[in-house]
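Here is a friendly note to read with the model open beside you. Please take the points in order and find each residue on screen as you go.

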Number of protein chains: 4
Amino acid sequence: MIDVAIFGAGRIGKIHAANIAAQAGVRLKYVCDVHAESAAELAQRHGAQVGRVEQVLDDSSVAAVVIASSTDTHADLILRAAAAGKAIFCEKPVDLDLQRAQACAEAVRAAGVTCMIGFQRRFDPTFESLSRRLEAGEIGDPEMLLVTSRDPGAPPLSYIASSGGIFKDMLIHDFDIFRWILADEAVSVFATGSCLTDPAIATAGDVDSTAVTLTTRSGRLCQINTSRRAAYGYDQRFEVLGSKGMLQAGNHRPTEVVAATASQVGSDLPEHFFLERYRAAYAREMAHFFQAMQSGAPVRTSIEDGVKALQLAEAAATSWRERRIVSLSA
Amino acid sequence: MIDVAIFGAGRIGKIHAANIAAQAGVRLKYVCDVHAESAAELAQRHGAQVGRVEQVLDDSSVAAVVIASSTDTHADLILRAAAAGKAIFCEKPVDLDLQRAQACAEAVRAAGVTCMIGFQRRFDPTFESLSRRLEAGEIGDPEMLLVTSRDPGAPPLSYIASSGGIFKDMLIHDFDIFRWILADEAVSVFATGSCLTDPAIATAGDVDSTAVTLTTRSGRLCQINTSRRAAYGYDQRFEVLGSKGMLQAGNHRPTEVVAATASQVGSDLPEHFFLERYRAAYAREMAHFFQAMQSGAPVRTSIEDGVKALQLAEAAATSWRERRIVSLSA
Amino acid sequence: MIDVAIFGAGRIGKIHAANIAAQAGVRLKYVCDVHAESAAELAQRHGAQVGRVEQVLDDSSVAAVVIASSTDTHADLILRAAAAGKAIFCEKPVDLDLQRAQACAEAVRAAGVTCMIGFQRRFDPTFESLSRRLEAGEIGDPEMLLVTSRDPGAPPLSYIASSGGIFKDMLIHDFDIFRWILADEAVSVFATGSCLTDPAIATAGDVDSTAVTLTTRSGRLCQINTSRRAAYGYDQRFEVLGSKGMLQAGNHRPTEVVAATASQVGSDLPEHFFLERYRAAYAREMAHFFQAMQSGAPVRTSIEDGVKALQLAEAAATSWRERRIVSLSA
Amino acid sequence: MIDVAIFGAGRIGKIHAANIAAQAGVRLKYVCDVHAESAAELAQRHGAQVGRVEQVLDDSSVAAVVIASSTDTHADLILRAAAAGKAIFCEKPVDLDLQRAQACAEAVRAAGVTCMIGFQRRFDPTFESLSRRLEAGEIGDPEMLLVTSRDPGAPPLSYIASSGGIFKDMLIHDFDIFRWILADEAVSVFATGSCLTDPAIATAGDVDSTAVTLTTRSGRLCQINTSRRAAYGYDQRFEVLGSKGMLQAGNHRPTEVVAATASQVGSDLPEHFFLERYRAAYAREMAHFFQAMQSGAPVRTSIEDGVKALQLAEAAATSWRERRIVSLSA
């Protein structure tokens, strides 16, 4: 039986806690949260106890920690958990500061512990199937990748203000998709953005709509478009053009009902938001974490992947801010 | 240059006239219609002259006639045109009376003239492609055929009253599809129907909604469903289940626009009605007619096909009226 | 805490056991199966104990039983569980014999216990959404229902021999869909069938392909087509034509990947079979059972529904065997 | 009767000639081509005569000319036709040199003749429907435009060498779509490209794959991706994200057949190439030209539109060559 502690009992913490509880041979022992009531409620739901960080890290029975607390706590918790020899699952991003993130990666390497970053999209059944088929050569060599990534609506301004900006907050997932799907590294980044959905976002120094272009070592091209608002829901698509064809990953729908009326033929909107869309992905990433931890196999989304996605986000933010193409040392 | 006369300058006559005019090496010489103004207008549009039936049949330069006049004139015109040695293209049905239709077929055989019945659906690009792929063995042996055939709205009651009933008027196309796609003959027919869209149709002694089941010599099954009204437009689909898969023929849309709004993801309704849906089919059946006429090759939709579809329509009407399964001598 | 026993630890028993275990406030106490090893394995997985039928029914702490054992045991278990005052969830069919099924329904009524039949399709998210939208009047009054129900492949001949025939075994679900969706009762049934996929099925006195037509009190029409084999997988669709439009329930796919290659644009096959396709439905029907049991609200799929579906299956079998239309007393 | 001359009897000249011949009240009088045999053949097909440029421009009965000859002849013919007071339909591009193109536009303005550039995509039923619905406000204010534009295969290298490069040759259509759909002008262009499908294209100093980003005065964003090769055929899609939803223009298919086999559910590839995909658009643009010419209403695709698309193509080529963002004076 593997004993596990979770840091953070908010929205994503609850998802992870339920998925931890569903793993055979794994037990959720502690729930830690600065908000005591949330911690207590989640602990009770899964037969766990409320814990403090020190207590958890000192408890030698705890083999793994899941970090689902606010972003500004990630780096500190990673460093301490690594020092305590715990296996680590950490929500993205590692940190908003690239150097701190690199320091975390270094600490993890030094400690030799398993550390996985929560890029759950790599575990989505549709995206994973596409990736496997691409690797199997079904469309030959990949040439271009187009990523569409739109939220149903913007988060509160308070969130945006401390989010690190749209490139680190929202596009970090898309940069990880880029690296994963093309299996290649960027040599240049061009990013532009606009504030089109809510002027308050501009006031907060951010944009809500972006267009990013990456070129890779092999000359492959990638375009990413994102928006904080899509009236029709959570839009998560990408497509790869290859030398022998194209693979597209489409949106998921809650049902397969089609209605034909006097005005149109209509089908369901996409799954509402990430909790619905990536339900299976969250479950499968957690299973992957515990399997990797037990087998010693490398995790699919390492802390190095987290650092590299952050590098791309920083480069994109620089490109947008300074209105220039940013070169990356290969 | 082949000189051609057309009988009937109504809606379908205009379609055929334009398609005749578009054939290389073919000239529309005469337009005949009891309504003089319509005849004159259509003749003028294509540089033809208004003619009378006797005149046309006596004109030895006329090699072919296209019969697009009202149903009750078909048999007489076929008999006279066959006697005059003209090649004949005749709109469905041959006649509402099976014996008269058989007499026409006999006369055509005796005269040895080309005679094609306007089952235009066999020339629709989608249906024809499906048929070719089925014949090529893509889904193995066909086992079941499902036909959905719905009009956007019912014709005027006056039309219904003289239509011969829904089985002869509307389902005759579906019976032809059945024979064509399964390449098999029916041994039993079961038909039922209801009047659900307009009580006046029941008063006229007819139904507006039908469900028909046919079984074939080889034990294949076919279900046909029809309605005089589909609020979303002209619904023309069929699917074949075979031992190795399924082939489906879907509706055509005017455009490929998809709109995602806050309520649904919507696409176009089907093409409005038969003139739009079967535009290409009407053009291609006319080309086929003149090719067959010139090459001497058999036409794809012979007068025998017209007679056999009518037999099935009669059997279905009997099954519905007498509430019993009707056996057909193989 | 509600204590529950399950009878049957086979394929469907395992599904139900996991869903019972996932209900808050419900505990799986006993697992019973004639095959001791299966019972022990399933009991251990959920922290339950192996039990005998007598023991379970005598245990006053057991409030509900779930019957997932072989069909020939259903009636006896229902009668005994009703007599013992237990709430009952029973897999379809109630029994292969209509009179025995009616006796069970009578016993359940007399005992006043909650009794739900496992027509899980009514709990499928797609089907349930369609049903709600139909009830909400989105397409006006329903006029025609088309049901396509095809298995990926036939079960072993030994299963078919004791299945009660395709109408009671396979179409019983479709008859329930018919009653549920049209909210109407049949006045006539016509069924025909063929043996097209495997001659051994004919030798067993059964067919593998059927075409059924039902008419209702209100004159609505329903066509059902079924096959024991669809090379492309489990095909579970239906569509309702109404006065103002059409609602279609389409197949579910494992992923939303689309591949465009030099030969075609391809998407996933449907979910493989019922365990995959109805995973959500099985979970949701079990939640419904315990909610109804606790609230006293009527279950959505009562034992009367089980009896009525069986009546239709018998009528269809008679129609097929005797080659006649079977009238049902309204 | 309007008499018309066509310059160019090649592939696109034949399309235009047939569409001219199909206009009511319009007669194709002359066909001019440096290749005498082609001119004669096309003239004969439509009952026209072979002509020389001088003869045509001197013939006062000729009211309009259609320029479908090679790109390097466009400017000269426009200037001479404008001077002769003829209405002009000219295939894109006006010229490969921006200054020459501007001189043509100036000459056309001075002469006051109707002049339309053959951006046929604006007349495609799908694209035009999308444009109308966008203008009607169906998705609110447009924010982002994504254009996918891929050919099934690259033209011969000899063509590429004299094409003016991929930005002027292929993307000029996409730049026109950008201006038309967003009804806005670009303030910056970023373009990058790679040679991924055929190294010989790089040797010719060109690329075969491009990624372009435009920003507009209003801050709208547009991404265009193009490739000279898509193994699955001619890929012509675009989508607009607006404040209230999204409109997508999808590919057209030759048929609506869907095949479900043991491996996948497959539908047709897109229409093969531009002659098939834009058949309706070519017919409708020619009708528009003659309507505008007769009514005096402005044409939808003016020579100024041709000049502006060329400006964007030049800016994109500069951006790609000099690896920098190019600003455009608004």
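1. Start with Glu304(A) and Arg109(A), which form a salt bridge whose closest N and O atoms are 2.5 Å apart. A salt bridge here is a side-chain nitrogen of Lys or Arg within 4 Å of a carboxyl oxygen of Asp or Glu. Between domain 1 of chain A and domain 2 of chain A, the count is 1 salt bridge. Those domains span 2-113 and 121-327, with bounds from an automatic or database domain assignment.

2. A word on the ground rules. This is a predicted model, in which local features need pLDDT of at least 70 and side-chain atom pairs count only at pLDDT 80 or more, while totals for chains, interfaces and linings use all residues. Residues are numbered from 1 along each chain as its sequence is written, chains are lettered from A and ligands numbered from 1 in the order in which they are written, and side-chain values use heavy atoms, with hydrogens and water left out.

3. How far apart are the C-alpha centres of the two domains of chain A? They lie 25 Å apart. The contact (heavy atoms within 4.5 Å) takes 31 residues from domain 1 of chain A and 25 residues from domain 2 of chain A. The buried area, meaning the accessible area (1.4 Å probe) that two parts lose on being put together, summed over both, is about 2300 Å² for this pair of domains, and carbon and sulfur atoms give 76% of that. On the domain 1 side, Lys92(A), Leu96(A) and Leu98(A) lose the most area, together 26% of what that side buries.

4. Now move to chain D, where Arg121(D) and Asp174(D) form a salt bridge, the closest N and O atoms being 3.2 Å apart. Arg121(D) lies in the loop between strand S6 (115-117) and helix H6 (125-135) of chain D, and Asp174(D) in helix H9 (residues 171-182) of chain D, so the pair ties together parts that are 53 residues apart in sequence. Is Arg121(D) buried or exposed? Arg121(D) counts as buried at 7% relative accessibility, and Asp174(D) is buried at 1%. Buried means under 20% relative accessible area, exposed over 50%, and partly exposed in between (1.4 Å probe, protein chains only).

5. Next, look at Asp305(D) and Arg122(D), a salt bridge with closest N and O atoms 3.8 Å apart. Asp305(D) sits in helix H13 (residues 303-322) of chain D and Arg122(D) in the loop between S6 and H6 of chain D, 183 residues apart. Both Asp305(D) and Arg122(D) are buried.

6. Chain B meets chain C through 42 residues from chain B and 42 residues from chain C. These chains bury about 3000 Å² between them, 62% of it on carbon and sulfur atoms. Phe190(B), Leu196(B) and Gln223(B) supply 17% of the area that chain B buries there, more than any other three residues. The interface has 6 salt bridges; Arg237(C) and Glu239(B) meet in a salt bridge at 2.9 Å, N to O.

7. Finally, 26 residues of chain A are in contact with 26 residues of chain C. Chain A and chain C bury about 1800 Å² between them, 51% of it on carbon and sulfur atoms. On the chain A side, Gln248(A), Glu256(A) and Val257(A) lose the most area to chain C. The count between these chains is 4 salt bridges. Glu256(C) forms a salt bridge with Arg253(A) at 3.6 Å between the closest N and O atoms, and Glu256(C) also meets Arg253(C) in a salt bridge at 3.3 Å.

Key: Helices (H or I, at least four residues) and strands (E, at least two) are DSSP runs, numbered from the N terminus.
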